[in-house]
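My notes follow in the order I looked things up.

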Amino acid sequence: RRVRGPGMLQSGLSRELFEMWCSDKKNSVVLPGYCVEGTLAKHILSEPAEITTSAGRSVPLNMSVHYISFSAHSDFLQTSEFIDIMKPPNIILVHGDRNEMGRLKQSLQSKYLGTGMNIHTPRNCQTVELQFAGEKMAKAVGSIAKGGPSDGKQISGLLL
């Protein structure tokens with residue numbers, strides 16, 4: 001099963017999650033790339049005190065809003081500049097020709113050799129397991145949240 005959020009927070013899962021989480025100041029949203037006038041994404045860039053949900057209710061906008069100029073179609077220089085700024089421990093390369101992504105992965109591995117950065121190029125539908133240091137917290141919604149956590153029990157779903 002695939003889950004894809006429509007761009008610019010106009011509808012679907014991305015909009016539903018945004019509306020559920022936007023009132024909590026512990027949450028953030030990162031908007032990568034261009035935002036069209038008249039969309040929720042463009043509206044929240046002006047940091048309004050509240051937003052109108054798709055159901056017509058007004059809710060406070062307490063989460064932080066960040067914008068990153070990023071193109072899904074970047075070259076090696078643009079991608080490595082972005083990585084230099086973000087310094088992520090894990091990079092997952094998707095959405096490209098398999099051979100070109102392999103070349104990009106090799107170039108990035110050479111550039112970031114010795115940094116401990118993990119670079120992955122999974123095939124479609126391939127699971128990627130990531131290791132993180134320290135305690136991380138995520139809010140679960142939907143069917144994942146119904147059963148609650150228990151030791152030794154595996155769950156699967158989408159983490160945004």
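I began with terms: contact means heavy atoms within 4.5 Å. Helices (H or I, at least four residues) and strands (E, at least two) are DSSP runs, numbered from the N terminus. I call a residue buried under 20% relative accessible area, exposed over 50%, and partly exposed in between (1.4 Å probe, protein chains only).

**Ground rules.** I noted that this is a predicted model, in which local features need pLDDT of at least 70 and side-chain atom pairs count only at pLDDT 80 or more, while totals for chains, interfaces and linings use all residues. Residues are numbered from 1 along each chain as its sequence is written, and side-chain values use heavy atoms, with hydrogens and water left out.

**Overview.** I found five helices and six strands in the protein. Read from the N terminus, the order of elements is α-β-α-β-β-β-α-β-α-β-α. The protein has 160 residues, and 24% of them count as buried. I also looked up contacts between residues at least 6 apart in sequence: 60% of these join residues at least 24 apart. The accessible surface (Shrake-Rupley method, 1.4 Å probe) is about 12,200 Å², and carbon and sulfur atoms hold 51% of that.

**Helix 1.** Which residues of helix 1 are buried? In this helix, residues 12-21, I listed Ser14, Arg15, Leu17, Phe18, Glu19 and Trp21. These buried residues pack against strand 1 (28-32), helix 2 (40-45) and strand 2 (50-52).

**Val29.** Next I went to strand 1, where Val29 lies. Val29 counts as buried because its relative accessibility is 12%. Beyond its neighbours within four places in sequence, Val29 touches Phe18, Ile44, Met63, Ser64, Val65 and His66.

**Helix 3 and helix 4.** A reminder to myself: two packed helices are described by the angle between their axes and the distance between the axes. Axes here are lines fitted to C-alpha atoms, for helices over the stretch in contact, and angles run from 0 to 180 degrees between N-to-C directions. Helix 3 (residues 76-86) packs on helix 4 (residues 98-111) at about 45 degrees, and their axes are 11 Å apart. The two helices are therefore oblique to each other (under 35 degrees is roughly parallel, over 145 roughly antiparallel, 65 to 115 roughly perpendicular, and the rest oblique). From helix 3, Phe76, Ser80, Ile83 and Asp84 meet Leu104, Ser107, Leu108 and Lys111 of helix 4. By type, I counted four nonpolar, two polar and two charged residues in this contact.

**Thr121.** Where is Thr121? I found it in the loop between strand 6 (118-120) and helix 5 (143-147). With 15% relative accessibility, Thr121 counts as buried. Leaving out neighbours within four places in sequence, Thr121 is in contact with Leu93, Arg98, Met101 and Lys105.

**Positive phi.** Glu47 has a positive phi of about 50 degrees and sits in the loop between helix 2 and strand 2. Glu47 is exposed, at 59% relative accessible area. Lys87 also has a positive phi of about 50 degrees; I located Lys87 in the loop between helix 3 and strand 5 (90-92). Its relative accessible area is 63%, so Lys87 is exposed.

Terms used:
Nonpolar A, V, L, I, M, F, W, Y, C, P; charged D, E, K, R; others polar.
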